[in-house]
Amino acid sequence: LKKLVSFVDTVSFQADFEGILSFLHREIKKFENIGTPLLMYTPNHQLTKIVSIQGGAISSHSCRQKKLFEELKVTRNEEELQLRLANELGRPFNRILPITLILNKHNFSGEVGALLMFEHQLGGQELHKFMEFITERLQAVSIAVEKLLLEDDFIENSKLWEYTFDGVENPIAIVDENFNLLRSNTHFQKN
């Protein structure tokens, strides 16, 4: 139980997707026939990103195929999954164990998702032990991923608000109760 609590504590404080994946990779090393984890997520409905570990280094990849996440989320054909990942990342893949992360987050375009995948050569009892291990940790990983997606959304929406504010052709200013200037758009600054 202490190890599980420590896992939840550590994964929840990861500052980026790369940190989550690196930590998860260290945690699963006790399983000999499990390879590097991959995290596929959709920060918005139009884009799919994959974070993976290649040659000991973290790699983040924006997918060329816009709907790759939706297509891979529903397929349970392991050969198709291996082929699609190989084509996207430019390297061969062993057997893949895909696990859909349950997220509550939605954006304006629809549902946002994440898929955690593990390359493996597990069989029978070893696969069962790994699934028990990872299942206990999935909720914490899902919450950490969702937190980062929400932070990304907040930053993106903040930028959108600033672009909209600055794009208004009339001068606009935001002042406090003492009439101190807090923010103004570019047209206000020109006048």
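A residue counts as buried under 20% relative accessible area, as exposed over 50% and as partly exposed in between (1.4 Å probe, protein chains only). By that rule, 39% of the 191 residues in the chain are buried.

This is a predicted model: local features need pLDDT of at least 70, side-chain atom pairs count only at pLDDT 80 or more, and totals for chains, interfaces and linings use all residues. Residues are numbered from 1 along each chain as its sequence is written, and side-chain values use heavy atoms, with hydrogens and water left out.

**Overall make-up**

The chain holds 6 helices and 9 strands. Helices (H or I, at least four residues) and strands (E, at least two) are DSSP runs, numbered from the N terminus. Contact means heavy atoms within 4.5 Å. Of the contacts between residues at least 6 apart in sequence, 52% join residues at least 24 apart. The chain exposes about 11,300 Å², and carbon and sulfur atoms supply 53% of that area. Accessible areas come from the Shrake-Rupley method with a 1.4 Å probe.

**The α2 and α5 pair**

Helix α2 (residues 17–27) packs on helix α5 (residues 124–167) at an angle of about 165°, with the axes 10 Å apart. Axes are lines fitted to C-alpha atoms, for helices over the stretch in contact, and angles run from 0 to 180 degrees between N-to-C directions. The two helices are therefore roughly antiparallel, a term for angles over 145 degrees. From α2, the contact uses F17, I20, L24 and E27. From α5, the residues include F133, I134, R137 and V141.

Strands β2 (residues 47–54) and β3 (residues 57–62) pair in the antiparallel sense over 6 bridges. Pairing requires at least two DSSP bridges between the strands. Q54 has A57 of β3 as its bridge partner. The hairpin has 2 residues between its strands, and G55 takes a positive phi near 60°.

F118 and T36 lie 82 residues apart along the chain, yet their C-alpha atoms are separated by 6.1 Å. Beyond its neighbours within four places in sequence, F118 contacts residues including T36, L24 and I134. L24 and I134 also take part in the contact between α2 and α5. F179 is not a glycine, but has a positive phi of about 65°.

How values were computed
Parallel < 35°, antiparallel > 145°, perpendicular 65-115°, else oblique.
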